[in-house]
Amino acid sequence: MATREIITLPAPLLREKSAPVERVDDELRALLDDMLETMYAAPGIGLAGVQIAVPRQVLVMDVSRDEEARAPHFLINPKVVWTSDEMSTYEEGCLSIPEYYAEVERPARCRVSYIDREGKAQELEADGVLATCVQHEIDHLNGLLFIDYLSKLKRDRVIKKFAKAERQRATHAL
Ligand code: K1U
Ligand code: ZN
């Protein structure tokens, strides 16, 4: 297992749609293991493949707050098949938008179909932070970021701040 670099705004890849996985094999399982290690090291509660510059439909999550009782989820080709009418608001963060947090409203519960790491079709019924997290991660697979749910004013301010930081990094690297 290894940790990988997490790409951040304004990386254009974050706006790309990820490709479906065709085959679940040892190479894919090694990728999922690296993603989990990267997520734990960050630290975070979720990570999509595209965030480590692998634009394939894979995500990992662990919303258990207890290091002694880890509960990792590995989802391949996930699809939201049902969402509740009831909504809930959660203060979200994103490892690709470091140190920025904002409240986002999403369906409070959802059901997601996916392929597990053994290649078997499964469904996940999620509520609470798991429902928020799985929707946030599936958004990544579609090139969406949580800032897209904010007002244009707030979103543009964040994008501008990260674009400026990137320009400064590029200038100092010269
Ligand atoms: O996808 C990501 O960028 C990871 C993101 C997931 C997420 C967080 C909050 C709401 C929805 C989705 C993160 O993990 S940000 C870091 C974070 O939330 C956290 C870090 C350490 C302890 C607990 C939470
Ligand atoms: Zn994110």
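**Zinc site and sheet: a briefing**

Along the chain, the donors of the zinc ion (ligand 2) follow the spacing C-x41-H-x3-H. The model described here is predicted. Its zinc ion (ligand 2) is held by Cys 94 through SG, and by His 136 and His 140 through NE2 in each case, at 2.0 to 2.3 Å. An open sheet of 5 strands is also present.

**Zinc donors**

- His 136 and His 140 lie 4 residues apart in helix H2, so about one helical turn separates them.
- His 136 has a relative accessible area of 8%, and is therefore buried, the cut-off being under 20%.
- His 140 also counts as buried, at 1% relative accessibility.

**The sheet**

- The strand order is E1-E2-E3-E6-E7, and the pairing is antiparallel.
- Strand E1 (46-48) and strand E7 (121-127) are at the edges with a single partner strand each, so one side of each has no neighbour in the sheet.
- On average, neighbouring strands of this sheet are turned by 40° against each other, direction ignored.
- Strand E6 (residues 109-115) runs antiparallel to E7 and is joined to it by 7 bridges.
- Within this pair, Ser 113 stands opposite Glu 123 in E7.

**Helices on the sheet**

- Helix H1 (residues 26-41) packs on the sheet and touches E1, strand E2 (58-61) and strand E3 (73-83).
- The direction of H1 makes about 40° with that of E2.
- Helix H2 (residues 128-141), which holds His 136 and His 140, packs on the sheet as well, with contacts to E1, E2, E3, E6 and E7.
- The direction of H2 makes about 125° with that of E7.

Definitions and conventions
Residues are numbered from 1 along each chain as its sequence is written. Chains are lettered from A and ligands numbered from 1 in the order in which they are written. This is a predicted model: local features need pLDDT of at least 70, side-chain atom pairs count only at pLDDT 80 or more; totals for chains, interfaces and linings use all residues. Side-chain values use heavy atoms; hydrogens and water are left out. Two strands pair if DSSP finds at least two bridges between them. Helices (H or I, at least four residues) and strands (E, at least two) are DSSP runs, numbered from the N terminus. Axes are lines fitted to C-alpha atoms, for helices over the stretch in contact, and angles run from 0 to 180 degrees between N-to-C directions. Contact means heavy atoms within 4.5 Å. Donors are N, O and S atoms within 2.8 Å of the metal (3.2 Å for Na, K and Ca); water is not among the atoms, so sites may look incomplete. Buried means under 20% relative accessible area, exposed over 50%, partly exposed in between (1.4 Å probe, protein chains only).
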